[in-house]
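These are my notebook entries on a single model. I looked up helix packing, cores and cavities in turn.

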Amino acid sequence: MGAQIREYRQRIRSVSATKKITRAMELMAASRVVKAQQAVRESTPYARALTRAASAVATYSDEDHPLTTEPENVRRAAVLVVAADRGLAGGYNSNVLKEGERVAAALRDEGKEVVPYLVGRRAVSYYTFRKREYAAEWTGSSEKPTFENAREIGERLVADFTRPTDEGGVDEVHVVFTRFVSMVTQEAEVIRLLPLEVVEGVEEPGDEGELYPLYEFEPSGEELLDTLLPRYVNARIFNCLLQAAASELAARQRAMKSATDNAEELINKYTRLANQARQAEITQEISEIVGGSSALADSK
C-alpha cells in the first residue's frame, strides 16, 4: 500500500512539472499573439493596395512583363510551404503540410513538375524524413518574421521564376500558408503568387453608358511594373508570413491551454487515488490494531 502511495505522489510531481511548462508556454503565446495580430492588421491593407496597383498597371498598360505573362506551357510549378519552426501547436503544422500535399498532387495531375520551397523547421524535417528533394529552405523566424525574411524569399522566387525552365526555373509560384481568421479559427489557404492573374479592385462598368477608366502612366508602364511587381511579391509573402505567425501562436496558446487543463485533471485524479490509498492504509492499520486488541482480550 505504501508503494502505491509513493507511485501516485511521484506521478503528481511529474504532471505538476509538466503543467508548469505548458502554462508558461500558454502565457508566452498569449503575450506574443497580440503583437502578431496587430502586425497582420497593419500589413494586410498595404498588401491589398499594392496588389490592386500592380494589377491595374498590368491590366491597362498592355505591357508584356515576365511576372504577368502567362506561359504557354507550364512545366514546373513552385510551391512555397509556410510551416513553423516548433511543434506543440496542435494541428497547425499538419494542416498546412496536408494542404501542401494536396496542392502538389493536384499540380502533378495536371502534368506539372512540383518544386517545393520550405519555410520552417517542421516543413524541412517533414521532407527530410521522407527523403524528398526541395529547392530552398528558410528557418528560424516563423514566430516573428521580418520584412528581410520576406525579401530574401521573394528574391529567390522571382529569380527562379524569371529563369528559363530548362535552366532550373519555374513557370508559376504557389504559396501554401495558414490564414489567421480569429483566435479560434485558422485556415490553411493557397494563393497563386506568380504570374499575377487576379485584378483586385477593378470593376467592370455597371451601366451601358458608363465608360472604362483611362490610365496614363508616368513613367512608362514597363518601368512601373519593374518597380511594383518585386514589391508586390515581397509584400504578399510578408503578409503570408505574418498570417502564419499569428496562426501558429494562436494554435499554440489553444493547445497549451488544453494541455494545462488535462494536467490539472490528472493531478486531481492522482490526488484522489493517493487519498483513497492512504485511507485504505489507515483503515487496514486500525483493523490490525483492533484485531490485535481483541486477540489479547480473548487470551485473558
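Entry 1: I began with α3 (residues 121-129), in which Ala123, Val124, Tyr126 and Tyr127 are buried; buried means under 20% relative accessible area, exposed over 50% and partly exposed in between, with a 1.4 Å probe and protein chains only. Helices here are DSSP runs of H or I with at least four residues, and strands are runs of E with at least two, numbered from the N terminus. Viewed down the axis of α3, the buried residues fall within an arc of 160 degrees, so they line one face of the helix; the arc is that of the directions from the helix axis to the C-beta atoms. The cover over these buried residues includes β1, α2, β2 and β3.

**Entry 2: basis of the values.** I note that the model is predicted, that local features need pLDDT of at least 70 and side-chain atom pairs pLDDT 80 or more, while totals for chains, interfaces and linings use all residues. Residues are numbered from 1 along each chain as its sequence is written, and side-chain values use heavy atoms, with hydrogens and water left out.

Entry 3: Lys131 sits in the loop between α3 and β3. Its relative accessibility is 77%, so Lys131 counts as exposed.

**Entry 4: the cores.** I then looked up nonpolar cores, meaning sets of buried Ala, Val, Leu, Ile, Met, Phe, Trp, Tyr and Cys residues joined through side-chain atoms within 4.5 Å. The largest has 48 residues, and Leu80, Tyr117, Leu194 and Tyr232 have the most contacts inside it. Elements giving two or more residues to this core include α1 (2-60), β4 (172-180) and α5 (221-299). The largest share, 16 residues, comes from α5. A second, separate core of 16 residues includes Val79, Ala104, Val114 and Leu118.

**Entry 5: the cavity.** Which residues line the largest cavity? I list Val79, Gly100, Glu101, Ala104, Arg108, Val114, Pro116, Tyr127 and Arg132. A cavity is a set of points on a 1 Å grid over the protein atoms alone where a 1.4 Å probe fits but cannot get out, and lining residues have an atom within 4 Å of a point. The largest cavity holds about 50 Å³ of space, a volume being the space filled by probe spheres set on the points, which are joined across faces, edges and corners. α2 (92-109) and β2 each supply at least two lining residues, and α2 gives the most, with four.

Key
1 Å grid on protein atoms, 1.4 Å probe; cavity = no way out; pocket = protein on both sides within 12 Å on 5 of 7 lines; lining within 4 Å. Contact = heavy atoms within 4.5 Å.
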